[in-house]
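Here's a quick tour for anyone meeting this structure for the first time. Take a look, then read on for the notes.

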Amino acid sequence: MRAFISRQFFWINLIWFQLIWLIAVYFNNQALCFLVFSLLCHFYLTPTRRHDLWLMGCVTLVGGSCDALLTQAGVMLFPDGALLPLWLLMLWTHFSLALNHCLSWLQRVPFYLQAVFGGLFGPLSYYIGYKMGAVSFPLPLLKTLLIFAVIWFCLLPVYVRARRYFRSNSNENKHSH
């Protein structure tokens, strides 16, 4: 069973991350126990614990800090008034794990396409969260989405480089995605 999971981990992670994103955005802090359980399951099953842990720390720190700064700057507000809700921090941890598995293909595309994908899909994720009521945008919608686009245009390639760095500087068995 463990060998099957290891071989299929890309697909498991892809489906799991989509589910996690939906649960976190829909249930917010009510999903915290599930999100923690999900992390524990991930680290039990993943074939690359060390890579995942290092990338999780890096991406969660950068992404969470960026979101906290955006909240502090009044670009986004959360219903509970938090600077950075725990559910969002947990979503960052899960995103980093997806980056290391189901989004690993980003490493094989040119830098400029990584930036374009970030600039398009990063804001889309926040927009869907906004439409689902998980966050509000006090500034005009277009301005807010442009801010997210610029940030994600810059940061997604950085996250991909961090993934490459942690994978190339580890003794852990490498497996291709």
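**A cavity and a helix pair**

The lining of the largest cavity splits into four nonpolar residues, four polar ones and no charged ones. Here Ala, Val, Leu, Ile, Met, Phe, Trp, Tyr, Cys and Pro count as nonpolar, Asp, Glu, Lys and Arg as charged, and the others, Gly among them, as polar. This is a predicted model, where local features need pLDDT of at least 70 and side-chain atom pairs pLDDT 80 or more, while totals for chains, interfaces and linings use all residues. Residues are numbered from 1 along each chain as its sequence is written, and side-chain values use heavy atoms, leaving out hydrogens and water.

**The cavity**

- There is one cavity of 30 Å³ or more, a cavity being a set of points on a 1 Å grid over the protein atoms alone where a 1.4 Å probe fits but cannot get out.
- The largest cavity holds about 50 Å³ of space, with volume taken as the space filled by probe spheres set on the points.
- Its lining (residues with an atom within 4 Å of a point) is made up of Asn13, Trp16, Phe17, Ser38, His42, His94, Leu97 and Ala98.
- Helices H2 (9–27), H3 (32–45) and H5 (86–100) each give two or more residues to that lining; helices are DSSP runs (H or I, at least four residues), numbered from the N terminus.

**H3 against H5**

- The H3 and H5 axes, which are lines fitted to C-alpha atoms over the stretch in contact, come within 10 Å and cross at roughly 20°.
- That makes H3 roughly parallel to H5, a label for angles under 35 degrees.
- Contact (heavy atoms within 4.5 Å) brings H3 residues including Leu35, Leu39 and Phe43 up against H5 residues including Trp87, Met90 and Leu97.

Conventions. 1 Å grid on protein atoms, 1.4 Å probe; cavity = no way out; pocket = protein on both sides within 12 Å on 5 of 7 lines; lining within 4 Å. Axes fitted to C-alpha atoms, helices over the stretch in contact; angles between N-to-C directions. Parallel < 35°, antiparallel > 145°, perpendicular 65-115°, else oblique.
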